[in-house]
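Let's take a friendly look at how the chains of one assembly meet.

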There are 6 protein chains.
Amino acid sequence: MRPSGRAPDQMRQLEMIPGFSAHAEGSCLVKFGRTHVLVTASVEERLPPWLRGQGKGWVTAEYGMLPRATHTRGNREAAKGKQSGRTQEIQRLIGRSLRAVTDLKLLGERQITLDCDVIQADGGTRTAAISGAWVALRLAIDGIMKANSLEIDPLKGRVAAVSCGFHNGTAVLDLDYDEDSTAETDANFVLLEGGHIAEVQATAEGAAFDEEGLLRMMRLARIGCDEIFAMQHKVTGR
Amino acid sequence: MRPSGRAPDQMRQLEMIPGFSAHAEGSCLVKFGRTHVLVTASVEERLPPWLRGQGKGWVTAEYGMLPRATHTRGNREAAKGKQSGRTQEIQRLIGRSLRAVTDLKLLGERQITLDCDVIQADGGTRTAAISGAWVALRLAIDGIMKANSLEIDPLKGRVAAVSCGFHNGTAVLDLDYDEDSTAETDANFVLLEGGHIAEVQATAEGAAFDEEGLLRMMRLARIGCDEIFAMQHKVTGR
Amino acid sequence: MRPSGRAPDQMRQLEMIPGFSAHAEGSCLVKFGRTHVLVTASVEERLPPWLRGQGKGWVTAEYGMLPRATHTRGNREAAKGKQSGRTQEIQRLIGRSLRAVTDLKLLGERQITLDCDVIQADGGTRTAAISGAWVALRLAIDGIMKANSLEIDPLKGRVAAVSCGFHNGTAVLDLDYDEDSTAETDANFVLLEGGHIAEVQATAEGAAFDEEGLLRMMRLARIGCDEIFAMQHKVTGR
Amino acid sequence: MRPSGRAPDQMRQLEMIPGFSAHAEGSCLVKFGRTHVLVTASVEERLPPWLRGQGKGWVTAEYGMLPRATHTRGNREAAKGKQSGRTQEIQRLIGRSLRAVTDLKLLGERQITLDCDVIQADGGTRTAAISGAWVALRLAIDGIMKANSLEIDPLKGRVAAVSCGFHNGTAVLDLDYDEDSTAETDANFVLLEGGHIAEVQATAEGAAFDEEGLLRMMRLARIGCDEIFAMQHKVTGR
Amino acid sequence: MRPSGRAPDQMRQLEMIPGFSAHAEGSCLVKFGRTHVLVTASVEERLPPWLRGQGKGWVTAEYGMLPRATHTRGNREAAKGKQSGRTQEIQRLIGRSLRAVTDLKLLGERQITLDCDVIQADGGTRTAAISGAWVALRLAIDGIMKANSLEIDPLKGRVAAVSCGFHNGTAVLDLDYDEDSTAETDANFVLLEGGHIAEVQATAEGAAFDEEGLLRMMRLARIGCDEIFAMQHKVTGR
Amino acid sequence: MRPSGRAPDQMRQLEMIPGFSAHAEGSCLVKFGRTHVLVTASVEERLPPWLRGQGKGWVTAEYGMLPRATHTRGNREAAKGKQSGRTQEIQRLIGRSLRAVTDLKLLGERQITLDCDVIQADGGTRTAAISGAWVALRLAIDGIMKANSLEIDPLKGRVAAVSCGFHNGTAVLDLDYDEDSTAETDANFVLLEGGHIAEVQATAEGAAFDEEGLLRMMRLARIGCDEIFAMQHKVTGR
């Protein structure tokens, strides 16, 4: 029995509010149950120096967590003067995941920055961020296309992410904080629509797992991502 | 005529959502029109070393802005590795303002941190933050009192803040970004219920102002703060 | 009775030594009693990148305090690796104050940096710095004009600053450290010659103050600044 | 055909020199072909404050690369003033991998730090580091046991790591730099002796991969790790 | 012929103003010609953690330069966020030099910090700092002794420093900036009264020098330090 | 009697392995007994901005120590976020020493960076680094010359360095850690072939020394450097 009473293959209540932010070219407030992440997509018509003149653009991500998004207050990274290793690891993962579905040449010499800020955390913030970032990116690119700056859509498909794990010996989908903090194994899957894998990160927290366990988690991930793909389609019409 | 069509002494639409955050001991999402600030109050039963053993507590504030809260994306302070002078100036002001209505001896040896994070900015973020921080602080202290840890209320009264300025030669209340960026004078008033002043910061951006101008802005500030005090009362019942 | 025996509207002994530094284009050692601040003005014929090509110049300020300028030694900011919030707040105020009397277009594409270093502190270091910075800036601009690089004087008038406060219930002028550390209210006024206000920052340290209190402090500030204006004129001949 | 002429399931020349460092409690110079990593294990009989008093120890890792370990010189992280996201990601992975085979309670209240410094890089530095770190850790714990400070061996088994990937459409084992920089998929496997998985990190660099691809890489990883396990046994006698 | 017209073995005008600072336990404004350094000695009755409980005290130094102490403005180290290698090298030298004449056991468990801040620079700031620091330290220790906290004088003798070099092929004493920037060799000598050497740092800037050159510079250094010792005695009476 | 049993004028076992690194343009693993330093020379055909357009090149050095190169583990400078004063002092010394034998004009507009990383430390790391850096620099410049990019050799001669000191009252050559940590005087000599001096740094750790002591150490330094010069010649053929 899961602490939340959910079935093993049941996602938390999923919600996506597109266009949440007044200023950003694309944005989405994404909720995986009590995990709430605000993603904004900012389009800049210039690239950082090391990317210029190569006839292609860039998609990157930054991640942050409000100090009291969690049960106990964490120190503000801006006040500490540096981003934690965890923060950097997550924002690198988000950026890679979205680049996996973007044709950077078609995007042209512009940069899109996906800011993923966790307003409230209850496990799975990085997977919520990736899933919502696709919506923000989709809206931002739609805007560029409407402005006639792009003819061919550089977004090749959808990407979504979800966490799976073993909790009390059972493979479960979309772990919340209670499960995550006691899970034997914690895995994050970034999947493309159609079933291909963009990234897998599976870690044994307690006992190591085997091939069979990895495959069972992957099957759950497909179920979860299908639900997310449907929601992404619903809120963007794309 | 103000860009927004408001009367000179008219506040923007004011909204306060208490208890917005699931984890914090007190919280408030405060909206001054399109300026949205999330304030959380975190209670810790221990003090930083330099405050211990003096028989009193501490109230402090931190301030941040999501990178795309503004028209164009700003660099993330955590990534830059330091907080700007503006950020530090604002969070010091918020802390002083809330301490002005808190009896630190009655609070006892505990610290309350008010995290003020700007979700969306349209001018007046610091005044919205102070006004919402009072609600978060009120709720956090109510919680401590209910838990029987405090008998006498350490919160001595309400505090609110609003900006005023001269725009096209007219004194106006609660400037939005359009006004703020072209105002001749910009002033922030932190007022106590009853009319006393906790802090005034008035700066000539273009032409210098005179005593009469300062008094006219102060009269507007009283009007605005009275409206905020009423809203604070409404959402907290205190 | 003030700790120093001064009358409520009496400044400390005021001294300004222009040209104190051998290398700077303009300089002034300013003394408000035992508060000693060395201000140098450095002229650079190039602007920081974000200011170039706009047909105007820039005036900026930096502030520092020698570690043992105070009663007990403070940590050296260079060793700590960052400037405190207080330092940044003060140097921003000094910069704004001097820009309030400078026509940046007339100055042309050059930058003048006012370094204000506190050699000895006894309260009122920021107001002494602003008052002395005007002398350093005046001398630096005189030098540019003499070198025929500027025809029209970009300095529109004088600016001076002084602190006022309520001490033992009495409004007093130019607080020294003994008064400052026990004052109920602490206010800094930056005034232009002629009486207009460039900036007011008034903070209730203990009890809040009212409009009448603010006006009484402002009247004292005018008395103090008139004395400073006279001294500025005496040492620069301008 | 692989650039190195190796068969798809062929590791590079593997070498481990235990006791390479004169001062460390355990050490190993590990070579995966031209990738050379020096790992030292430092035993400290005290824990960082946040780990004290819990009746258990800690194993942690730090990772660094000499500036000219690579084809072109990289900036020295100590000079830049911070560790890159990549560095932090890798050292977190190494630490988790070694903790997966350590019983921290049996270790007792002491900390072992594994410093992994890349002397020369040719792809696969993190997997070489993990594999060599086990040797350094084994030797350090042997030393503690010989000194009679530990009766029961806290090291539960061996751990090794190897990278796999798809290169020109073929699954290959132990990628060198030439392969790594052009691989379609890059995966790092951290395996326990016996076949269980401690960690999998698989990333699509170009085309996404499918479940079958993941399984094929995992099979190669088992082949590679078996060779590493044998070498670990040979050089430690354990 | 020296740019200043001085004889090869002639010091610049030497001046020492003891007790320059109102707050410090000991202080000295030292002038070597146009090089002006303010040294303060701060006594703290507690040691940094790593020095406690060893029955001895510590003498340390920090060095800084006002941004416009030099011909062209240098960046403020506090704003850059770190001290330069040059600054650290100099403050380490000053600390060692003063410890060379202090019996740390006799000093007892207290720390004396010598802050050396260059108000104006014209070559030789580190040697002026060392020479003036002795006066500040002497005064601070006299104060501790007068307060009956110390019976036996922990200051074992005088220390002074001066620079020598080869300029246009001639060995010269106490180089000013004009000489220093064109000297073939630059050497700093830290000498004890009586002729022993605490530290020599000699660097060939252009042509390398030989043993004879080193000895000639050392002879000049003795002449210069004798003059400084006499001045130290005159201003402290010790 | 020296702890190592060496004669006073006897160097430790000297070893230099040229071309140790696969990637660098020049490299040398240098061993002074148990002190092992890896030096790489990296050639870049571009200069830092402040050196461009002056018709000359630059030679610079960076120094680092692996955390467990020493008896007890030191904190990693990259993790601490800054290089220590000692590190900066040493790398500045190495850079100056190599520039003393390089004609920067003949080198042309390119930069050579000498990375000196201490793999194992047993005293004298900076002198080993300088001595090995000459080999790495020699090989790098030979490479540039072979590629026909340089006709005239910009390396004017050899440079080597060795430490000397007084241990138990006797002048000794090439101190190891045991001697270094108890020596009364510690001196580093950087000598040119032919006997001229590039740099001397002599510090009294305990008792001050006199002129005679300095000369005795210098004589030992000549003996040691002659041995190093011979080894440099042997391994480079130059």
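## Where chain A meets chain D

Between chain A and chain D, 14 residue pairs are in polar contact, with both residues at pLDDT 80 or more. A polar contact is a pair of N or O atoms within 3.5 Å; within protein, one must be able to donate a hydrogen and the other to accept it, and residues adjacent in sequence count only if both atoms are side-chain atoms. On the side of chain A that touches chain D, α2 (85-99), β9 (197-204) and α6 (211-236) each supply at least two residues. The most comes from β9(A), with eight residues. Helices (H or I, at least four residues) and strands (E, at least two) are DSSP runs, numbered from the N terminus.

A word on the ground rules: this is a predicted model, in which local features need pLDDT of at least 70, side-chain atom pairs count only at pLDDT 80 or more, and totals for chains, interfaces and linings use all residues. Residues are numbered from 1 along each chain as its sequence is written, chains are lettered from A and ligands numbered from 1 in the order in which they are written, and side-chain values use heavy atoms, with hydrogens and water left out.

## What the A and D surfaces bring

Chain A and chain D contribute 26 residues each to the contact, where contact means heavy atoms within 4.5 Å. Together they bury about 2,400 Å², with 52% of it on carbon and sulfur atoms. Buried area is the accessible area (1.4 Å probe) that two parts lose on being put together, summed over both. A:Glu89, A:Ile197 and A:Glu211 supply 22% of what chain A buries against chain D, more than any other three residues.

A:Glu211 also forms a salt bridge with D:Arg222 (3.1 Å, N to O). The interface of chain A and chain D has four salt bridges, each being a side-chain nitrogen of Lys or Arg within 4 Å of a carboxyl oxygen of Asp or Glu.

How do β9(A) and strand β9 of chain D run, parallel or antiparallel? They run antiparallel, joined by five bridges; strands pair if DSSP finds at least two bridges between them. Look for A:Ala202, which stands opposite D:Val200 in β9(D).

## Where chain E meets chain C

Now turn to another pair. Here the contact takes 35 residues from chain E and 36 residues from chain C. About 2,700 Å² is buried between chain E and chain C, and carbon and sulfur atoms give 50% of this area. E:His23, E:Arg68 and E:Arg76 supply 29% of the area that chain E buries against chain C, more than any other three residues.

How many salt bridges are there between chain E and chain C? The count is 12. One of the salt bridges joins E:Asp117 to C:Arg76, with the closest N and O atoms 2.9 Å apart. On the side of chain E that touches chain C, β5(E) gives the most, with six residues.
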